[in-house]
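Morning, everyone. Please look at the chain on the screen while I talk.

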Amino acid sequence: MLKVGVIGCGGMGRDHIKRLTNKIQGAEVVAVSDVMEESAKEAAKICNARVYTNELELIADPEVEAVFIVSPGFAHTEPLLAAIEAGKRVFCEKPLATTAADCLKVVNAEVAAGKHLIQTGFMRRYDKGYMQVKEALDSGNYGEPLMLHCTHRNPEVGTNYNTPMAVHDTAIHEIDVLHWLVDDEYESAQVIMPRITKYSHSELNDPQIMLLRTKKGVCIDVEVFVNCKFGYDINCEVVCEDGAIKMPEPAYPYIRKDARLSTTIDTDCFVRFKDAYDVEVQDWVDKAGEEVISGPTAWDGYLAAVTADALVKAQESGKIEPIITEVEKPDFYK
């Protein structure tokens, strides 16, 4: 039984605590931590865990064998470095950190420790649809991938959501999963701003078209439209030399009523990717006994941050911006 300490007891933190307690086999939440003590106490009721207000004390708890970080992204670096120093397995919800520089600190610390400890929470790699596309691509039956056409649509966002958040909070998922699909790293980024929807506000250009080019020349377009109104609509099509592979949409029944044929579209990510979250966390727990990380690594978290920085720069410049990592991918992550 893997004994887990969870840092961060907000909505997603409590969701993961429920998952670890009620769905995941082989794990037990023994400690929780949040800077808001009441939030930690409420979360602790789910799993009868010890309560900490200091995350470093939770990491130092000798009973805690693995750490689950679900605090805000800006607060990830310190507990990540502390967990590496303690030699404890970590699941860190995306982003790994909010700056590429902090991500690189984490990468360097893990490499220096000489042990794979960190998995970054990009759950789309565990979604059945994306996995089916990946399997088809890896089969080689369709030739090399040439282009990807993707959408990331959301019904609406609040007025606190601004233009850069379309990258850091929304397209960050495509940034990770798409380079994994085509087994390549990014070379350049560009953002095109179409006409702004009437449902946006002064601090948000919406929609946006984000263009990425990989080192092997694969061209990717991602439509990010966060006030589309009609649903949470995720699509991905890969055009290859000998065919095109389109990711299936979630299966819902078609309803015939009032002279209409209709089906359901999801309205939020927690419904659309519920199963992916479950599979992701179960895989992390299962691999603990083998002491391996099979999901997205700290390097993937760093690459996502570097790519996101380039896209934000492209939002401002309107130009094609290079995506440059400060270091070559270490052999440790190959």
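Buried residues make up 52% of the 334 residues in this chain. Buried means under 20% relative accessible area, exposed over 50%, partly exposed in between, with a 1.4 Å probe and protein chains only. This is a predicted model: local features need pLDDT of at least 70, side-chain atom pairs count only at pLDDT 80 or more, and totals for chains, interfaces and linings use all residues. Residues are numbered from 1 along each chain as its sequence is written, and side-chain values use heavy atoms, with hydrogens and water left out.

Now the overall build. The chain has 10 helices and 15 strands. These are DSSP runs, numbered from the N terminus: helices are H or I, at least four residues, and strands are E, at least two. The C-alpha atoms fill a box of roughly 55 × 55 × 45 Å along the principal axes.

At what angle do α4 and α5 pack? Helix α4, residues 77-86, and helix α5, residues 100-113, pack at about 5°, with axes 10 Å apart. The axes are lines fitted to C-alpha atoms over the stretch in contact, and angles run from 0 to 180 degrees between N-to-C directions. So α4 is roughly parallel to α5, a label for angles under 35 degrees.

Who touches whom? From α4, T77, L80, L81 and I84 take part. From α5 come D102, K105, V106, A109, E110 and A113. Contact means heavy atoms within 4.5 Å.

Last, contacts along the chain. Among those between residues at least 6 apart in sequence, 72% join residues at least 24 apart.

Methods:
Parallel < 35°, antiparallel > 145°, perpendicular 65-115°, else oblique.
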